[in-house]
Amino acid sequence: MAGSEDVPLSSSTGGFEGAQEHLSHEVVVIGGGLAGLRAALAASEAGADVAIVTKVQPLRSHSVAAQGGINAALREDDSVESHAFDTVKGSDYLADQDAVLVLTGEAPDRVREMEHWGTVFSRSEDGRIAQRPFGGAGYPRTAYAQDRTGHNLLHTLYETALREGVRVYDEFFVTKLVVSGGQCSGLIALDVKEGELHSIQARSVVIATGGYGRVFARSTNAVINNGDGAALAYRVGVPLEDMEFIQFHPTTLYGTNILMSEGVRGEGGYLVNSEGERFMERYAAKAMELAPRDIVARSIQTEVNEGRGIDGQPYVHLDITHLGADRIKERLPGIREICIHFAGLDPIERPIPVQPGQHYSMGGVACDVDGATEVAGLFAAGEAACVSVHGANRLGGNSLLETLVFGRRAGFAAAAHAEAAPEPREAELEAALREEVARINEILSRDSPIRAGVLKEEMRELMFHHFGIFRDGPTMEEGLVKLRELRSRMAEAGVDYHGRVYNQALIGYLEVEFMFQLAEIIAISSMAREESRGSHYRLDFTERDDDTWLVHTMAYQTTDGPKLEYVPPTLGTFEVKERVY
Ligand SMILES: Cc1cc2nc3c(=O)[nH]c(=O)nc-3n(C[C@H](O)[C@H](O)[C@H](O)COP(=O)(O)OP(=O)(O)OC[C@H]3O[C@@H](n4cnc5c(N)ncnc54)[C@H](O)[C@@H]3O)c2cc1C
């Protein structure tokens, strides 16, 4: 690339231009989902001038889709220690135990705070917040708003953020972080509506961009969940942690992979195979359908692989007909609607066909309990981050909780950092803006029939089949070769639309670039880990190996591709044991 001063801010060929307007805030949060909104509210409460930059309007963030609920020890006969123990055991002992205690310790306050701000939680007979059983939990501690918990929480936080005067840049797509002298000084974002690139100066930046589920086919995630923030952080030298741990949810609607919440089993749903058996008895005799997700997903896949899928098809039945119409209508109205509209069946009368699908990203931007990363002024929170509280397998209901607990902490830490940080140097942002203008106009100038969207679909299928629920060395090696071949074609891919306003073709291209980067890290991290732990199950190394592999994977960017390092998790409160349910 030419020296940045040689590149004009505007293009005579009608391409993208750099905006002249100078945008600056003390704290900038990337992402308007639950983690981003909670971080922005905390930073604002701490007195910082804060703005949210988000590629979709905040209420379209994926948090809105969360169904089943949020965990907190709210009752006298439950405790934050039991919640922590369940979380650590569920993580297959890879979670950092100090971070888990922060998560569970702050949970009751965060849930009650949401209720005070306006979230309408479902109630139990005694008038208190109702809680349902969830997988891997020794107590029914998942608070919920019917089966639309994320919708309720997100609307509450968005209204609160508007009330507090948090500035929101809607439909601004972040393409690059700017780091100079080891300090994050802002970012470059494309205003999708206007087709202009902006530099936004900031003393602290919080990455709250959600997960990278769409790297896999059969995902319950929205099309916007491409892992942009993880890739952005990786490119400025921050390690990505535990990227091999991908959660496959046991119950997604066959054919569409829309989530059938764990709340369905929490309310008493059965899993049944072609022989009419409640087969979970074979895999988790005590917990049955409410074993942790990694175990239930593998059990369903085993039933299918061994020929006990319904009518020889790759699905089993999730049966709630015995719950009765009243309970289904009261507790699971959203699930019923989805089944009626997308599968043409009413679960009051007929069982739901389900299969496992990609659902959650346990790995992400390595950070501490205050969201701080290895780059000063750069923080992370929510599904984009790896604190790590989920280790090798997340328990249902702990992710919504993570967004609130660690979003808030990251917001406060970002505000404190901003107060003490030096004024960012404008020249570096200006140079980065010029480079991004040039990079994007080069992509638009390509005359090529290759399309990123086509390569993406091939990549997603490949990732599901080569790095899926069951893994083994040769299959993964073959997958990595194919992945690299596909990725090499991205350098030539062009876009169909060259206009500046709402250029979704360009956004799509940039997202796919992020996704390929993450896919390679997932592949290499998975191949290196020669054991089975949580969601990472290898047919060629079926045992957990604590002597060698009770470690977090840290992937760093180098010119030769990802370099892996390993660090031990924080232990000390709960003894590492075999996981039996
Ligand atoms: C169907 C479904 C149901 C779920 N149900 C539950 C549940 O019941 N309980 C539970 O605990 N967990 C649940 N989860 C998980 C949980 O919902 C998510 O982990 C959580 O909501 C993620 O929140 P977040 O704020 O980190 O990210 P998101 O809500 O995904 O928000 C990401 C934000 O980042 C922005 N963004 C991304 N990239 C860019 C970019 N390049 N530039 C600018 N902005 C960008 C987006 O615009 C968006 O605003 C569920 C997940 C799914 C898929």
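Modeller: Two strands are said to pair if DSSP finds at least two bridges between them, and strands (E, at least two residues) and helices (H or I, at least four) are DSSP runs, numbered from the N terminus. This is a predicted model, in which local features need pLDDT of at least 70 and side-chain atom pairs count only at pLDDT 80 or more, while totals for chains, interfaces and linings use all residues. Residues are numbered from 1 along each chain as its sequence is written, and side-chain values use heavy atoms, with hydrogens and water left out.

Colleague: Which order do the three strands of the open sheet have?

Modeller: In general, strands of a sheet pair through backbone hydrogen bonds, either parallel or antiparallel. Here the order is 4-6-5, with antiparallel pairing. Strand 4 (70-71) and strand 5 (131-132) are the edges, each having a single partner strand, so one side of each has no neighbour in the sheet. Within this sheet, Ile 70 stands opposite Ala 143 of strand 6.

Colleague: At what angle do helix 2 and helix 3 pack?

Modeller: Two packed helices are described by the angle between their axes and by the distance between those axes. Helix 2 (residues 80-90) and helix 3 (residues 97-117) pack at about 135 degrees, with axes 9 Å apart; axes are lines fitted to C-alpha atoms, for helices over the stretch in contact, and angles run from 0 to 180 degrees between N-to-C directions. The two helices are therefore oblique to each other, given that angles under 35 degrees count as roughly parallel, over 145 as roughly antiparallel, 65 to 115 as roughly perpendicular and the rest as oblique.

Colleague: How do helix 13 and helix 15 pack?

Modeller: Helix 13 (residues 452-466) and helix 15 (residues 504-528) have axes 10 Å apart and an angle of about 25 degrees, which means that helix 13 is roughly parallel to helix 15. Their contact (heavy atoms within 4.5 Å) includes Leu 455 and Met 459 of helix 13, and Val 512 and Phe 516 of helix 15.

Colleague: What does the chain average in pLDDT?

Modeller: pLDDT is the predictor's confidence in each residue, from 0 to 100, and where it is low, the predicted coordinates should not be read in detail. The chain averages 95, and 98% of the residues score at least 70. Over residues 1-8, however, the pLDDT is below 50, and this stretch has eleven contacts in the model beyond near neighbours in sequence.
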